[in-house]
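This report looks at how two protein chains meet and at what lies inside them. The sequence and the structure come first.

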Amino acid sequence: MSTAAVSVPSTRAQTKRSSLRRSRRWALIASYVFLIMFAIFFLIPPYYMVVTAFKTDAEVAHMATNPWIIADGATLDQFKILLTQTDFLIYFKNTAIVTVAVVCITMVVSVLAAFALGRMKFWGSGLLATGIFLTYLVPDTLLFIPLFQIVKAVGLLNSYWGMILVYPTLTVPFCTWIMIGYFQSIPKELDEAALIDGAGHMQMLTKIFIPVALPGIIAATIFAFTVSWAAFVYPMAFLYSSDQQVLTVGTVTSLIRADVYKWGMLMAGALLAAAPPLIIYAFLMDYYIAGLTAGATKG
Amino acid sequence: MADTVQRWAGAQSAAAPTRRSGIGKFMHQRSTIAFMMCLPLILIISCLVIYPAFYSIWLSMLNKAQTKFIGLGNYRFLLSRDVFWMVVQQSAIFAISAVFFKALIGLITAHLINNLPVKGQRKWRGMLLVPWVIPLALSSLGWWWLFDPTHSAFNYILQSFGFDEIPWLSDPYWARFSVILVNVWYGAPFFLIMYLAALKSVPEQLYEAASIDGASAWQKFVHITLPMMRNIMAITILFSLIVTFANFDVVQIMTAGGPRNMTHVFATYSFLLGIRSGDLPLGAATSLFMLPILAISAVFILRGVRKRGREIG
């Protein structure tokens with residue numbers, strides 16, 4: 001009697017649990033199906049760029065075969081032409097110089113400022129932090145016309161050194177903002193301990209805060225790198241000769257000659273130009289994502 | 001024993017005044033040092049952001065040769081042009097529809113990934129973020145190639161299923177659709193990442209408690225997930241609205257404003273007038289029309305971020 005009374009609800013619970021498990025499995029399968037659809041949508045352009053870059057010119061031009069696959073055999077000709085017969089390597093060198101310089105300037109400026117604003121409250125520091133966040137929201141498309149005049153006045157029009165001057169407006173505000181967040185999250189006891197040991201401000205920064213906030217610094221560096229590598233508006237407006245051009249603008253404007261679009265070579269160029277940010281992303285994904293979300297989640 | 005304590009106390013009391021004055025001097029210097037550390041930042045922001053922003057207002061009130069002050073002449077000229085009103089309309093359509101679909105796709109994909117076992121989430125997240133990592137100018141070039149009129153890979157698929165070809169970039173309305181599609185493709189992963197981070201921050205106990213009360217999945221979403229994510233969703237949407245509204249790369253590369261100026265947004269139109277046609281004041285006036293919308297969004301973002309800061313801190 002008593003055993004029967006106990007066993008009835010337990011079997012009911014069991015069927016309920018198994019139906020729950022079954023519905024959960026269906027939810028999982030549905031999730032995978034939809035995710036695969038979204039993944040196809042997100043990965044179509046990079047896939048097609050890769051496919052085109054390895055095709056022969058003849059296959060691209062004749063459209064005789066399915067464009068989504070390489071039918072006539074893969075070739076590296078497009079890359080060879082790109083590297084030997086075009087200015088692509090000059091663009092690559094210019095972009096590398098500009099990016100490295102901008103990343104260094106950005107990190108020095110924003111780490112110093114973020115340390116001061118995050119750890120050493122002073123008159124107007126709150127206001128300044130807010131102001132930095134607001135300047136981050138000023139888009140480059142609002143500033144490129146007045147900056148054209150300024151760059152011209154400084155004599156850096158059509159020179160990649162002008163890019164080193166103006167790119168920090170894209171990187172410094174955000175990097176400072178997220179570094180303030182990282183510095184503020186470090187416990188107060190650390191700098192008190194450092195003060196008692198007689199450390200100065202610079203020592204405190206270099207010996208304690210930079211090592212402790214290293215994940216934040218890596219995230220900010222990645223952000224500065226990707227932004228200056230991908231910048232498009234400023235070089236489009238300020239650079240026009242081939243020897244000063246950077247990768248983004250060089251690839252989409254100068255590699256297109258006359259009316260003949262050499263799509264294989266263009267795609268090879270786009271892929272090589274996109275490679276450095278993609279490689280960094282592949283190896284440092286977690287820092288990359290931390291930098292992306294830090295702006296809104298650490299405030 | 002007592003002797004040592006005495007001596008120690010004596011040593012401390014002797015040291016105390018010098019240390020206090022040291023701290024005093026330290027406090028005195030502190031704000032100076034802090035200001036010096038901020039100086040490079042202040043210089044960059046005031047010379048390259050604040051000054052140009054105000055200079056732009058002055059510039060927009062000059063004539064083409066920048067020799068004569070003409071007041072609001074450039075603005076009056078723009079407002080009387082049909083093309084300008086088309087730019088206003090297209091910018092609004094572009095920004096609102098692109099942000100809406102980015103937010104929707106971001107929300108759906110974030111939930112889908114959150115449903116998966118924790119082990120696989122990283123892989124999917126990594127794969128779906130790829131559009132955001134490729135520099136937009138270069139992926140726009142790839143999209144242009146996908147839309148290419150004679151070689152379009154999309155039209156190949158349409159034709160093999162027996163449909164008509166679509167003039168992706170040569171028909172004005174399809175061109176509008178195409179530039180919005182590319183922008184959604186580029187921006188949706190950003191929403192995905194932000195929403196996924198927000199979803200992870202919702203305490204698991206809330207869902208457990210709701211399950212015990214017999215809440216359905218939809219009820220959990222409406223009554224737990226949405227309220228918990230509301231703030232970060234608002235910040236992300238407003239931020240994306242600014243970036244999308246001011247977008248330049250996609251339209252400039254794929255259509256350069258054409259066909260018949262139908263795809264121009266503020267950024268490309270001011271580039272055309274200011275840099276290509278050499279009328280910097282008119283270009284400046286065009287881009288300044290973005291300012292009111294940007295300013296309103298910025299105020300709300302700031303409020304959201306502050307509120308979130310208080311919630312966390």
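## The interface between the chains

In this predicted model, the contact between the chains draws on 93 residues of chain A and 97 residues of chain B. The size of an interface is often given as the accessible area lost when the parts come together.

On the side of chain A that touches chain B, helix α1 (residues 2-53) of chain A gives the most, with 17 residues. The count of salt bridges between the two chains is two, and a salt bridge joins the side chains of A:Asp286 and B:Arg122, with 2.7 Å from N to O.

## The nonpolar core

The largest nonpolar core has 196 residues, and those with the most contacts inside it include A:Phe144, A:Tyr167, A:Phe183, A:Tyr234 and A:Phe238 from chain A, together with B:Leu129 and B:Ile301 from chain B. Helix α8 (residues 172-200) of chain B supplies the largest share of this core, 16 residues. From chain A, the core draws at least three residues from each of domain 1 (2-53) and domain 2 (86-297).

Leaving aside residues up to four places away in sequence, A:Phe183 touches A:Val111, A:Ala114, A:Phe115 and A:Arg119, as well as A:Leu205, A:Phe209 and A:Ala213.

## A buried threonine

A:Thr176 is placed in helix α8 (residues 168-184) of chain A, and it counts as buried because its relative accessibility is 0%. A polar atom of its side chain lies 2.7 Å from the backbone oxygen of A:Val172. Beyond the residues up to four places away in sequence, A:Thr176 touches A:Ser110, A:Ala113, A:Ala114 and A:Ile132, and from the other chain B:Leu41.

## A mostly covered helix

Helix α13 (residues 247-254) of chain A is mostly covered, with six of its eight residues buried. The buried residues are A:Leu247, A:Thr248, A:Val249, A:Gly250, A:Thr251 and A:Val252. Their cover includes elements of both chains: α4 (88-119), α11 (214-230), α12 (233-238) and α14 (263-283) of chain A, together with α6 (136-147) and α11 (249-254) of chain B.

How values were computed. Residues numbered from 1 in each chain as written. Chains lettered and ligands numbered in written order. Predicted model: local features only at pLDDT ≥ 70, side-chain atom pairs only at ≥ 80, totals over all residues. Heavy atoms only, no water. Core = buried A, V, L, I, M, F, W, Y, C linked by side-chain atoms within 4.5 Å. Buried < 20%, exposed > 50% of the residue type's maximum accessible area, 1.4 Å probe, protein only. Helix = DSSP H or I, 4+ residues; strand = E, 2+ residues; numbered from the N terminus. Domains from an automatic or database assignment. Contact = heavy atoms within 4.5 Å. Polar contact = N/O pair within 3.5 Å; in protein donor to acceptor, adjacent residues only side chain to side chain. Salt bridge = Lys/Arg side-chain N within 4 Å of Asp/Glu carboxyl O.
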